[in-house]
Amino acid sequence: MKEDTSVVNILDKITKDEDPESEIKMKLGKLLKQLDLHLLNRSLKHISLEICLNPTIVKNDIELLKHFSGKGEQTVLESIDYTSDYEFSNGCRAPPWRQIHGEICYVLVKPHDVEALCITCSAEGVFLNGGKTDDEGEINYERKSEIYKDLVTFLKEKSAKFSENMSKQDVRFSEEWKKEKEEPKEAPKKEEAAAPHKALPASGKSMLEKNQINFGRSQMTKRLEPSLNWKATVDFKEHKSLLRDTQEEKHGGRLERSGPPVSPGRAQLVRKSAEKIEEMISESSSESEEDEEPPDHRQEANADLPSEYWQIQKLVKYLKGGNQTATVIALCSMKDFNLAQETCQLAIRDVGGLEVLINLLDTDEVKCKIGSLKILKEISHNPQIRRNIVDLGGLPILVNILDSPHKSLKCLAAETIANVAKFRRARRAVRHHGGITKLVALLDCAQNSEPAQSSLYDARDVEVARCGALALWSCSKSYANKEAIRKAGGIPLLAGLLKTSHENMLIPVVGTLQECASEENYRAAIKAERIIENLVKNLNSENEQLQEHCAMAIYQCAEDKETRDLVRLHGGLKPLASLLNNTDNKERLAAVTGAIWKCSISKENVTKFREYKAIETLVGLLTDQPEEVLVNVVGALGECCQEYENRVLVRKCGGIQPLVNLLVGINQTLLVNVTKAVGACAVEPESMMIIDRLDGVRLLWSLLKNPHPDVKASAAWALCPCIQNAKDAGEMVRSFVGGLELVVNLLKSDNKEVLASVCAAITNIAKDQENLAVITDHGVVPLLSKLANTNNDKLRRHLAEAISRCCMWGRNRVTFGEYKAVAPLVRYLRSNDANVHRATAQALYQLSEDADNCITMHENGAVKLLLDMVGSPDQDLQEAAAGCISNIRRLALATEKARYT
């Protein structure tokens with residue numbers, strides 16, 4: 001450091017004083033100044049030793065190590081990769097809040113002889129960090145080792161193999177390293193000098209000003225500055241192929257990979273960055289794949305870009321530096337480009353235009369705001385732009401604009417929010433900043449217009465409400481947002497807007513209701529607000545999208561019986577049946593078949609559908625349709641086939657074969673529905689013959705191995721009518737190798753529905769004596785006995801029936817008593833379900849053939865309970881109860897007689 005003129009000034013002051021001690025003061029001043037300079041020089045020397053790395057040096061080192069890495073014994077490393085594919089404009093890859101601490105990037109290194117290392121490269125040096133956490137996959141930034149001067153020194157210390165192979169490669173490595181070092185350094189210096197002056201959001205600037213420490217003008221003492229300007233160094237195609245490779249690796253590597261080897265850690269990091277799930281709690285299942293944030297990518301630096309790309313970048317520069325007039329002109333010029341084209345969208349972002357457009361929203365100039373919003377509305381259709389807008393803090397500003405008195409601004413802001421709120425983090429941000437309440441308030445605009453006002457004013461009000469509904473539609477995919485809409489009074493306002501004749505207004509309104517109707521609170525409110533009537537009315541619209549959303553809303557609401565009746569009373573079944581004939585629009589067809597499925601749960605609606613020839617049409621849709629349509633079609637046929645007339649109709653229309661063909665699918669919901677439909681058809685003997693001929697029973701039996709409990713249960717229920725109505729059921733069941741053992745083993749399940757269905761199947765299997773003998777050998781008696789202590793009435797009924805049937809072989813009655821199954825069965829008689837009473841009385845009657853079981857029943861109070869049931873109007877229950885009491889009484893008399901003789 002050079003000495004400045006401050007020393008001369010001090011000496012002048014001392015000499016002017018006529019103090020006898022001035023000479024001593026002069027000497028003391030000189031000594032203090034020398035000490036000050038000495039301390040400063042020592043400090044700067046110390047700082048220069050510590051701050052020895054910058055992004056350029058680190059990047060060069062990593063690139064060189066990558067060059068010498070790969071498979072094989074001679075390479076220095078197996079792999080070395082950054083944990084992030086994003087590079088800021090200052091060359092750093094660490095997040096801004098870590099750049100403040102001097103951190104540059106994080107590297108995942110896999111040496112040949114030690115475990116993978118997660119390393120932090122900072123301005124102070126290189127050290128080992130805490131690695132990635134198991135649950136979140138985030139970096140643990142805490143330092144876990146000493147600080148080393150560079151990456152090579154660190155790795156030599158940690159890996160003996162690296163050190164050994166580096167000594168072999170030393171000459172080549174040194175040459176490459178020198179070549180990198182001897183490159184002209186002017187460009188990097190200019191770049192580093194320019195980095196702090198790049199445009200940053202206001203919050204970013206203030207953060208830098210607070211945390212930046214200046215050590216002077218020396219280049220050695222310059223601290224790294226955080227940057228929010230992204231620069232991707234990984235091509236998007238490479239990124240996609242890497243994700244694909246990861247999937248192949250996960251599923252056993254079926255395809256051959258041609259690229260460089262990808263370590264599991266690296267693949268996991270890329271997958272995490274590409275598909276980071278922001279929030280799992282309070283998000284509904286209606287959220288689609290759009291919710292997964294897409295991987296960011298930039299245009300390749302040397303790619304052949306169209307002229308529009310460079311023209312837009314020039315306009316952004318005018319936006320940054322121009323006055324108000326120049327800004328408005330630049331915005332208008334930019335709007336003239338085709339902003340729906342991805343190249344134009346990314347051109348705005350790549351040069352920092354998004355920050356400028358968002359900053360313009362904070363100005364007081366309405367023209368600038370409108371111009372900026374019109375551009376943001378267009379480019380926010382791009383998934384990457386959406387994420388960037390959220391990252392730059394754009395949503396709070398957009399939410400604040402909703403309070404503006406200017407209706408054009410409200411509309412544009414709401415439409416932009418509708419585009420941005422396509423993923424979880426954005427929807428959460430809208431809610432947290434009070435956006436839901438403000439958007440609901442926009443719905444009230446169209447209903448406050450007075451007749452005296454002009455038609456133009458009315459049109460603007462309608463447009464404001466439409467844009468508000470559009471934004472609420474996007475936000476309503478989150479459960480928490482649905483609740484917020486309801487609490488803000490959104491349902492009555494949406495119900496009011498349903499009465500309008502504007503189709504462009506109706507689509508987002510019905511779309512929002514359709515999303516919200518998945519919640520029970522909403523379904524109750526929809527009934528209360530008489531919304532079903534308007535949904536049915538709009539089914540007759542000529543707009544296919546409106547028809548689709550109305551049908552989907554009915555599908556969501558028709559879980560409730562009252563709603564199903566309302567759909568029928570308002571004439572909604574006929575338009576639904578007629579829409580089945582238009583099969584070109586698959587999305588609408590899926591919604592319509594879904595609504596028919598749910599409405600078919602009510603028998604009165606099934607009768608109407610038969611009148612409208614809907615069942616024949618549904619059978620025709622069993623082939624050449626997408627899965628989402630098939631699930632609903634089969635579900636509807638399953639409900640319709642509960643009636644004899646419809647079963648005959650399905651058989652005559654040739655519906656049995658396509659239904660059986662669907663038993664080989666893998667879609668869980670489709671399998672549940674198709675097993676129910678096949679089971680319903682099997683009740684009719686003629687249909688059962690067709691099912692048996694097509695090997696349908698074997699396919700149903702194979703579904704008992706399915707991992708999903710719902711599929712197992714549905715298959716077991718379907719087997720019951722098949723066994724009942726098959727010509728030679730006993731022989732058919734025995735023909736399935738290992739089939740009986742499989743059924744018995746299902747009694748070990750924890751799922752109550754599976755247990756009830758398997759008990760019902762065993763009841764039918766045990767009607768054949770040979771089959772009963774086989775399942776007895778497989779241990780059916782102890783397994784059934786173990787289930788006796790249950791409170792589930794459905795399981796109680798079918799368990800009692802199974803026990804009743806199994807008592808008819810060998811010593812099974814005695815064995816049930818030994819396994820303590822009798823006393824719990826007596827408790828079933830206290831149930832409120834008449835079906836449980838009948839099944840239990842029949843089981844107790846069979847068990848009472850054994851003397852010990854009679855004693856157990858008597859001790860547990862069975863006689864009194866059975867006496868009440870002797871007077872039941874159910875004849876089967878009467879006979880079973882009377883027979884059981886008779887057996888107990890006979891035992892008592894025999895005991896009495898034996899005592900006296």
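Mentor: Let us start with burial: a residue is buried under 20% relative accessible area, exposed over 50% and partly exposed in between (1.4 Å probe, protein chains only). This is a predicted model, in which local features need pLDDT of at least 70 and side-chain atom pairs count only at pLDDT 80 or more, while totals for chains, interfaces and linings use all residues. Residues are numbered from 1 along each chain as its sequence is written, and side-chain values use heavy atoms, with hydrogens and water left out.

Trainee: Why is Leu825 called buried?

Mentor: The relative accessible area of Leu825 is 0%, and the limit is under 20%, so Leu825 counts as buried. Leu825 belongs to helix α47, residues 822–828. Helices (H or I, at least four residues) and strands (E, at least two) are DSSP runs, numbered from the N terminus.

Trainee: What makes a residue a contact of Leu825?

Mentor: Contact means heavy atoms within 4.5 Å. Setting aside neighbours within four places in sequence, Leu825 is in contact with Ala800, Ile803, Thr840, Ala843, Leu844 and Leu847. With Leu844, which is 19 residues away along the chain, the C-alpha separation is 7.5 Å.

Trainee: What makes α30 a largely enclosed helix?

Mentor: Twelve of its 14 residues are buried, so α30 is largely enclosed by the rest of the structure. Among these buried residues are Arg588, Leu589, Trp597 and Lys598.

Trainee: How do you know what span to expect for α30?

Mentor: The expected span is 1.5 Å times one less than the number of residues. For α30 (residues 586–599), with 14 residues, the expected value is 20 Å, and the reach from first C-alpha to last is 20 Å, close to that expectation.

Trainee: Why is Lys598 said to lie over the face of Trp597?

Mentor: A charge sits over a ring if NZ of Lys or CZ of Arg is within 6 Å of the ring centre and within 35 degrees of the ring normal. Lys598 lies over the face of Trp597 at 4.2 Å from the ring centre. In another case, the charged end of Arg93 sits over the ring of Tyr82, 3.6 Å from its centre.

Trainee: Why is the link between Ser687 and Glu684 called a polar contact?

Mentor: A polar contact is a pair of N or O atoms within 3.5 Å; within protein, one must be able to donate a hydrogen and the other to accept it, and residues adjacent in sequence count only if both atoms are side-chain atoms. The side chains of Ser687 and Glu684 are joined by one of 2.5 Å. Ser687 is in helix α37, residues 685–693, and is buried, with a relative accessible area of 0%.

Trainee: How many aromatic pairs are there, and by what rule?

Mentor: Rings of Phe, Tyr and Trp (its six-membered ring) pair if their centres lie within 6.5 Å; planes under 30 degrees apart count as stacked, over 60 as edge-to-face and the rest as tilted. By this rule there are three aromatic pairs. One of them joins Tyr106 and Tyr141, 5.4 Å centre to centre with 50° between the planes, and is tilted. This pair links distant parts of the chain: Tyr106 is in strand β3 (residues 103–110) and Tyr141 in the loop between β5 (125–128) and α5 (151–158), 35 residues apart.

Trainee: Are Tyr106 and Tyr141 buried, exposed or partly exposed?

Mentor: Tyr106, at 4% relative accessibility, counts as buried. Tyr141 has 22% and is partly exposed.

Trainee: What makes the pair of Trp701 and Phe736 tilted?

Mentor: Their ring centres are 5.1 Å apart and their planes are at 45°, so the pair is tilted. Trp701 is buried at 5%, and Phe736 counts as buried at 9%.

Trainee: Why is Asp624 called exposed?

Mentor: Its relative accessibility is 75%, so Asp624 counts as exposed. Asp624 sits in the loop between α32 (614–620) and α33 (627–640), and has a positive phi of about 55° although it is not a glycine.
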